Amino acid sequence: MPSSTAGDGSTVPLPESLETILPLAQYAALCAELVLSHATAEEIFRRYGLGSGEMRSAIDSAWKERLRGDPAEYSR
């Protein structure tokens with residue numbers, strides 16, 4: 001996914017819990033779809049409710065941080 005910070009280098013706060021916005025299984029599916037179909041990335045992001053670049057970055061940053069801190073969850 002794209003960079004995990006806003007243009008000024010700060011992370012955009014999430015309006016709801018990470019699991020509510022994009023559960024782990026959906027985040028994993030999103031990442032896989034982006035790798036397989038990069039040409040249709042905008043359509044894929046919209047399908048997952050991530051039309052805004054800031055929201056994409058915030059979600060990506062939050063999941064990366066959470067998974068770095070929990071190797072067991074990452075290995076699922």
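Start by selecting tyrosine 27, a buried residue with a relative accessible area of 7%. Here buried means under 20% relative accessible area, exposed means over 50%, and partly exposed is in between, using a 1.4 Å probe and protein chains only. Before you go on, note that this is a predicted model, where local features need pLDDT of at least 70, side-chain atom pairs count only at pLDDT 80 or more, and totals for chains, interfaces and linings use all residues. Residues are numbered from 1 along each chain as its sequence is written, and side-chain values use heavy atoms, with hydrogens and water left out.

**Stop 1: the ring pair**

Rings of Phe, Tyr and Trp (its six-membered ring) pair if their centres lie within 6.5 Å; planes under 30 degrees apart count as stacked, over 60 as edge-to-face and the rest as tilted. The count by this rule is one aromatic pair. The ring centres of tyrosine 27 and tryptophan 63 are 5.8 Å apart and the planes are at 20 degrees, so the pair is stacked. Since tyrosine 27 lies in helix H2 and tryptophan 63 in helix H4, the pair ties together parts that are 36 residues apart in sequence. Helices here are DSSP runs (H or I, at least four residues), numbered from the N terminus.

**Stop 2: proline 23**

Now select proline 23, in the loop between helix H1 (18-21) and helix H2 (24-36). Which residues does proline 23 touch, not counting those up to four places away in sequence? They are Leu18 and Trp63, where contact means heavy atoms within 4.5 Å. Proline 23 is partly exposed, at 26% relative accessibility.

**Stop 3**

Move to leucine 67 in helix H4 (residues 53-68). Leucine 67 counts as buried at 13% relative accessibility. Leaving out residues up to four places away in sequence, leucine 67 touches Leu24, Tyr27, Glu73 and Tyr74.

Next, show the largest pocket, with a volume of about 200 Å³. On a 1 Å grid over the protein atoms alone, a pocket is an open set of points where a 1.4 Å probe fits, with protein on both sides within 12 Å along at least five of seven lines; lining residues have an atom within 4 Å of a point. The volume is the space filled by probe spheres set on the points, which are joined across faces, edges and corners. Select the lining: Leu24, Tyr27, Ala28, Trp63, Lys64, Leu67, Glu73, Tyr74 and Arg76. Helices H2, H4 and H5 (71-75) each give two or more residues to this lining.

**Stop 4: salt bridges**

A salt bridge is a side-chain nitrogen of Lys or Arg within 4 Å of a carboxyl oxygen of Asp or Glu. How many salt bridges does this rule count? There are four.

- Select glutamate 33 and arginine 47, whose side chains meet in a salt bridge at 2.8 Å, N to O. Glutamate 33 is in helix H2 and arginine 47 in helix H3 (residues 41-47), 14 residues apart.
- Select arginine 56 and glutamate 42, which form a salt bridge at 2.7 Å, N to O. Arginine 56 is buried at 7% relative accessibility, whereas glutamate 42 is partly exposed at 42%.
- Finish with aspartate 60 and lysine 64, joined by a salt bridge at 3.1 Å, N to O. These residues are four apart in helix H4, so about one helical turn separates aspartate 60 from lysine 64.
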